[in-house]
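Dear colleague,

Please find below the structure that I am handing over to you.

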Amino acid sequence: MKTLRLIFAFLLISIYGYSQQNAPFTQYIFNEMIINPAYAGTKQLININGSYSIMWAGFEGAPTTQTISAEGPVYKNMGLGLHIINDMIGAQSQQGVFGSYSYIIQFNEKWRMSLGLALGVSNFTVDGAKLTQDNNVYDPAIPRTKVNKVRFDSKVGLFAYSDRFYAGLSVTELFADVWKSKDLLIAKQSRHYYLTSGYVFDAGKNLKIKPSFLLREDFKAPADVDINCFFLIRELFWLGTTVRFGANIFKNPDLDKTLRSRNAMIFMTEWNITRSFRIGYSYTLSLTALKNYSGHEIILGYTFPKKADTKMRTPRYF
């Protein structure tokens, strides 16, 4: 079993080093700031969100991610946010803290655009104790204790929106080409790009429909594409599904063909228990070789009520 753990851990580390590294959140549609710092403050309300997710539950060393984020307005045209993440996969883990700032430009009564910047640090760790082989033969390439590296990094983003439409573009790991690992224990980071958009339609008095998409790209592995469709019932329940698949959009000839398939179906719901408190759950059904191992994500959110004498400038559904 320890030998299998060793193989699995190094396999995941190598995949992380060559393919997309950022945690693949499923309920980002309810908390866009985790993928775009420009989202901070755009709702003109203070929001706090916490989430826990696991991919391939039941598989030894499966990825797990926990996050806490808070964001809200400072002035009418500025927002601040804080994002804390703990990501673990096999023997490797990452803890990061990022602070976000956004500046909101109002074009007219309907359209606004936010420019965002996030600065923070991440601590990357490889736990050698989890890479022990059955025969306990010492291998100098494998650390016997925890090895860690702390790195500064930043993110930037744009977020354009109206009451019903939004579009965002963000870039993470801006210093990926600056910070380089001197060994293979801590995988080299890659710059990631996120493009997303969505629109909310009225489909009756008590029903709204929200189609959206998300494209994740790092130009070294297949792009991850999410096609989403959600239904808001009586302003209380969100029900929806996501089709996730890999697409080799930019035709990387060096890409390992075994990494092309990332197909999955995701089913999720969110319940607005009160006007302030909400809870969400998503279930991921993998359509790859890991189809026997499902994914789960739970999110809790709280929105601080606005003052009685103020109005929310842009009541939105994202």
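Arg151 sits over the face of Phe124, 5.7 Å from the ring centre; a charge counts as over a ring if NZ of Lys or CZ of Arg is within 6 Å of the ring centre and within 35 degrees of the ring normal. Lys210 is placed over the face of Trp238, also with 5.7 Å to the ring centre.

This is a predicted model, in which local features need pLDDT of at least 70 and side-chain atom pairs count only at pLDDT 80 or more, while totals for chains, interfaces and linings use all residues. Residues are numbered from 1 along each chain as its sequence is written, and side-chain values use heavy atoms, with hydrogens and water left out.

Aromatic pairs

The model contains twelve aromatic pairs (rings of Phe, Tyr and Trp, the last by its six-membered ring, with centres within 6.5 Å; planes under 30 degrees apart are stacked, over 60 edge-to-face, the rest tilted). Tyr39 and Phe159 form an edge-to-face pair, because their planes stand at 90°, with the ring centres 5.3 Å apart. This pair connects distant parts of the chain, 120 residues apart: Tyr39 belongs to the loop between α1 (2-18) and β1 (47-54), and Phe159 to strand β6 (residues 146-161). Helices (H or I, at least four residues) and strands (E, at least two) are DSSP runs, numbered from the N terminus. Tyr39 is buried at 3% relative accessibility, and Phe159 is buried at 0% (buried means under 20% relative accessible area, exposed over 50%, partly exposed in between, with a 1.4 Å probe and protein chains only).

Phe237 and Trp271 are stacked, with 6.0 Å between centres and 15° between planes. Phe237 is partly exposed at 35%, as is Trp271 at 39%. Ring pairs also join Tyr39, Phe159, Tyr161, Tyr166 and Phe318 into a cluster.

Salt bridges

There are five salt bridges (a side-chain nitrogen of Lys or Arg within 4 Å of a carboxyl oxygen of Asp or Glu). Arg164 and Asp202 are one of these pairs, at 3.3 Å from N to O. Arg164 lies in the loop between β6 and β7 (165-172) and Asp202 in strand β9 (residues 201-202), 38 residues apart. Asp202 also bridges to Lys208, at 3.6 Å from N to O; Lys208 is buried, with a relative accessible area of 9%.

Asp226 and Arg216 form a further salt bridge, with closest N and O atoms 3.3 Å apart. Asp226 is buried at 0% relative accessibility, and Arg216 is buried at 4%. Finally, salt bridges with shared partners connect Arg164, Asp202, Lys208 and Glu235 in one network.

Yours sincerely
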